[in-house]
Amino acid sequence: MEQELGRCVASWCPGATGVVGAAKLSGGASQETWSFDIVRPGGNIGAILRRAPPGYGASPSRAAGLDAEATLMQLAHDAGLPSPRVMHVLTPQDEFGTGFIMQRIEGETIARKILRDAQFAKARPVLARQLGKVAAGIHGLPASKLPKLRQMTATREIADLEREYRSFDWPRPVFELALRWLGDHDPGPPQEVTLVHGDFRHGNLIIGPEGLRAVLDWELAHLGDPMEDLGWICVNSWRFGEIDKPVGGFGSREELFAGYEQGGRRADPDRVKFWEVMGTLRWGVMCCGMMQRFRAGPDHSMERAMIGRRSSETEIDLLRLLAPRGN
Amino acid sequence: MQDEPTPTELIKAVADFLRNEITPVIKGHNAFKLRVGINALDLVTRQLALAPDGDAAEATRLSQLLGLQGPLGELNRALADRIAKGEMDLQTPGLSDHLWQTTMDKLAVDQPNYASYKRELESKGG
C-alpha cells in the first residue's frame with residue numbers, strides 16, 4: 001500500500017519522496033480510510049485517504065459519493081469552517097479507485113474520552129456553542145457551489161424509515177407510536193432548503209483540548225431542512241450517559257441555538273425537537289438493521305448482534321420524548 | 001428433564017472465567033471484542049432470569065388492553081397494528097403504562113446501565 005500511495009502522491013505533491021506509516025483506520029469491502037505520512041524534505045505531511053478501491057464505484061443510495069464529499073469538504077475549508085484541506089481528488093490516471101486525499105487533523109473523536117478526560121475539560125463548556133456556529137456555517141454554504149445531492153423532506157424521511165422498519169417484520173409498538181407522532185407533527189418544507197451535513201455527531205467531530213477542530217464524514221450530506229442537523233446532535237444516543245446535556249453530552253440546546261444565531265441563522269426549537277424524535281427512531285431502526293445483517297451474514301459478528309439489542313435504548317428515549325411520566 | 005448445572009449457571013461460569021482470567025491478558029481490538037462477548041453472556045443470563053415473568057405479565061396486559069387472547073408475538077403485532085391505524089394512542093387508557101412497563105422490562109435485560117433507564121428506575125422506584 002505504501003508503494004502504491006507513494007507513486008500516487010509523487011504525481012501531485014511537489015518534493016514528495018514517498019509514504020510511510022500507512023495504516024487502515026476503517027473499511028468494509030467498498031470503502032476504506034487510510035492514514036499515512038507523506039515524506040518531504042521540508043517536513044512530513046499527515047494525510048488521510050478515503051477511497052473506494054478499483055471495482056467499487058457505486059455507493060449506497062443514501063450516500064453522497066466520494067467526489068461530492070471531497071467538494072463539500074473543500075468548500076467548508078474555503079469558507080473558514082473547521083474542515084480538512086483536500087489535497088488531491090483521485091483521477092482515473094491514479095489507477096487507485098475513486099476518492100480523495102486530505103490533510104490529517106490530530107485530535108479525538110471518541111465520545112467517552114471527550115466527555116470524561118481531563119484534557120478536554122476546557123473544551124466541553126464551549127463545544128455546544130461552537131457546534132451551533134459551525135452548523136450555521138455549513139447551512140450557509142452557497143447553493144450554487146454545491147455538488148449534486150439528493151433532496152430530502154421530512155415526509156420522505158418518515159416514509160423511508162417506515163418502509164425499512166416494516167421490512168424487518170418485527171412488531172414494535174413504541175416505533176409505531178413514534179411513526180404516528182412524526183406523521184402528525186410533520187412540519188412541512190422549511191423556509192429555506194439548505195445543505196444538511198446529515199451525520200453531525202460524535203465520531204465525526206475531531207475535538208482538541210481547545211474545542212472543535214474538524215467536521216468529518218459528509219457521506220450522508222443532502223439538501224433539506226437545516227434543523228435536521230441540530231436535532232440529530234441532540235439525540236440521546238450521542239450523549240453517552242450525560243443525559244442532562246442534550247447536545248452531545250456536553251452542552252445545552254440554548255447554547256447550541258445561541259451559537260447558531262451567532263453564525264447568522266435562527267434555530268426553530270419545534271423543528272429541532274421533531275428531528276430529534278426522527279433521529280432517535282432512525283438510530284433505533286439502524287440498530288434493528290444491524291441485527292438483520294448479523295443474521296443474514298456475511299458479517300456474523302458479536303458486535304453487530306449486540307447492537308441489535310440496543311434498539312430498546314431508543315424505545316425508552318422515544319417514550320421519554322413522547323410520553324414522559326412527569327418525573 | 002435435563003441435568004444440572006442450569007444454563008444460567010454454565011453461562012455465568014464461562015463469563016466469570018473470561019472476565020477474571022482472560023481479560024487481564026488480552027490487548028487491543030480483541031480486548032474490545034472480549035468485552036462485547038462478556039456483555040452478551042451477561043445479557044443472556046439476565047434474560048433467562050427475567051424474561052419468563054416479564055413476558056407473562058406483558059401478555060396479560062396486552063390481552064386486557066386488546067381484548068384478545070394469543071401468543072405474545074401475535075398480541076404485539078395486533079397492538080402495533082392498532083397504533084399504526086390510529087385506533088389506539090397515548091389517550092387510550094393503559095397504553096402508556098403498558099409501553100413503559102414493557103420497555104423498562106426490556107432495558108432490565110438489554111442495558112441495565114443505560115442512563116435513561118437508571119433515571120426512570122430511580123424516579124419511579126421501578
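The model is predicted: local features need pLDDT of at least 70, side-chain atom pairs count only at pLDDT 80 or more, and totals for chains, interfaces and linings use all residues. Residues are numbered from 1 along each chain as its sequence is written, and chains are lettered from A in the order in which they are written.

**Core**

The largest nonpolar core holds 94 residues. Such a core is a set of buried Ala, Val, Leu, Ile, Met, Phe, Trp, Tyr and Cys residues joined through C-beta atoms within 7 Å. A residue is buried if 20 or more other C-beta atoms lie within 10 Å of its own, exposed if 12 or fewer, and partly exposed in between, with C-beta atoms placed from the backbone. The residues with the most contacts inside this core are A:Leu131, A:Ala135, A:Ala178, A:Leu230 and A:Ile233. Helix 9 of chain A (residues 269-296) gives the most to the core, with 10 residues; helices (H or I, at least four residues) and strands (E, at least two) are DSSP runs numbered from the N terminus. Because domain 1 (2-103) and domain 2 (111-322) of chain A both give residues to this core, it lies between them. The domain bounds come from an automatic or database domain assignment.

Leaving aside residues up to four places away in sequence, A:Leu131 touches A:Leu212, A:Ile233, A:Val247, A:Leu256 and A:Gly259. Contact requires C-beta atoms, placed from the backbone, to lie within 7 Å.

**Hairpin in chain A**

Strand 2 (residues 32-39) and strand 3 (residues 45-52) of chain A run antiparallel and are joined by 7 bridges; strands pair if DSSP finds at least two bridges between them. A:Thr33 has A:Arg50 in strand 3 as its bridge partner. The two strands form a hairpin with 5 residues between them, and A:Gly43 in the turn has a positive phi of about 125°.

Chain B has 5 helices and 0 strands. Its radius of gyration, taken over C-alpha atoms, is 19 Å, well over the 14 Å that the globule rule gives for 126 residues, so chain B is more spread out than a compact globule. The globule rule is 2.2 Å times the number of residues to the power 0.38. Buried residues make up 16% of chain B.

The contact takes 31 residues from chain B and 26 residues from chain A.

How values were computed: Two residues are in contact if their C-beta atoms, placed from the backbone, lie within 7 Å.
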